[in-house]
Amino acid sequence: MKTTVLSRFLALIFSVFALFLSAHTVLAVDTLTPIDPKSVGSTLEVHITDDGKIVLHGAQIIQSAGTTFYARSNWGGSYMRWVIRTDENTKVTRRFGTETTIAEIKPGDIVSAEGDFMATSDSISVVAKKVKDWSLASDKVEFGGVVTTIATSSTQFEIKTSAGNRIIISTTPDTSIIKGVIGIGFSQIKVGDKITNATGVYNHVSKVLNADALRVYQDKSVFLPRNFEGTIVNITGSSLPATMTVMIGTKNYTVELTDKTEVLNRKKVAVSLKRFFADDSVRLYGAIKQDNLTTITAEVVRNLDL
């Protein structure tokens, strides 16, 4: 029994080195530029046991054919050729451990493979139970955190997560940014804002999330009824319902006056809306609308100049 196992092991090793020494005869076929496995975090190793198991690290994919991949391990000017065979039972992962599919593996990628060793006269095959693609450093993930800095020359900002990690969020014009229930632009994001959810493709090496959607926390107290004071810019309608534009601070707000809005003078006596004009000072009691941060629905409007 021991002799049989030893003979099998020696035959495997002989086949490996025979193929390795003949690698130069097919050098012209493989034109892909070799990549140093260390550049993507992998080692360059081959382990074959006497019971026909193999662990392969740092092989570069040269070509794919369905679920079969042709690869090579490069040692300087020499290399060893591999055929990596996969099926529906093969577990495929990215560099940082998340699962993916064989469809993600492409020529040029650096991979590791574990499985059964098979040597023939013209190739060495690995019937893979596991494959890791070290070149896939990005994952579809989501993060949350507080905005710490905002770039002035690009549409990127940094967040600090609850775990203390700092993540760069990169946006594009196609990134959906929702604050509360309304869409906002990148320019409306501020330092201190809480990003409740940022989804996209995250590169673990650069620590950049290319975001396709962002959710920004909206303080609900903003929508509670309260007093506002400003100056009428213009008014549409002389009876209820009507609307007016009011400058409050440095911003214009649309004020909706419903048929239930109380219209008063400064002494809180009911008056006609016909007596309201541009440049009049008014005090409002009402709430900002959740779907429009520049619109106030007024329960009471008082003209302080009457």
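This is a predicted model: local features need pLDDT of at least 70, side-chain atom pairs count only at pLDDT 80 or more; totals for chains, interfaces and linings use all residues.
1. Thr245 lies in strand β16, which covers residues 242–248. Apart from residues up to four places away in sequence, Thr245 touches Thr231, Ile232, Val233 and Asn234, and also Asn252 and Tyr253.

2. A further residue for the reader to locate is Ile184, which is placed in the loop that runs between β12 (182–183) and β13 (194–203). Is Ile184 buried or exposed? Ile184 counts as buried because its relative accessibility is 12%, and the class requires a value under 20%.

3. The contacts of Ile184, with neighbours within four places in sequence set aside, are Ile177, Lys179, Ile189 and Val216. Of the pair Ile184 and Val216, the residues stand 32 apart along the chain, and their C-alpha atoms are separated by 9.3 Å.

4. As regards the chain as a whole, its secondary structure consists of 19 strands and one helix. The chain has 306 residues, and 39% of them count as buried.

5. Finally, the accessible surface of the chain amounts to about 16,800 Å². Carbon and sulfur atoms account for 54% of that surface.

Notes
Residues are numbered from 1 along each chain as its sequence is written. Side-chain values use heavy atoms; hydrogens and water are left out. Helices (H or I, at least four residues) and strands (E, at least two) are DSSP runs, numbered from the N terminus. Buried means under 20% relative accessible area, exposed over 50%, partly exposed in between (1.4 Å probe, protein chains only). Contact means heavy atoms within 4.5 Å. Accessible areas come from the Shrake-Rupley method with a 1.4 Å probe; for residues, only the protein chains shown count as cover.
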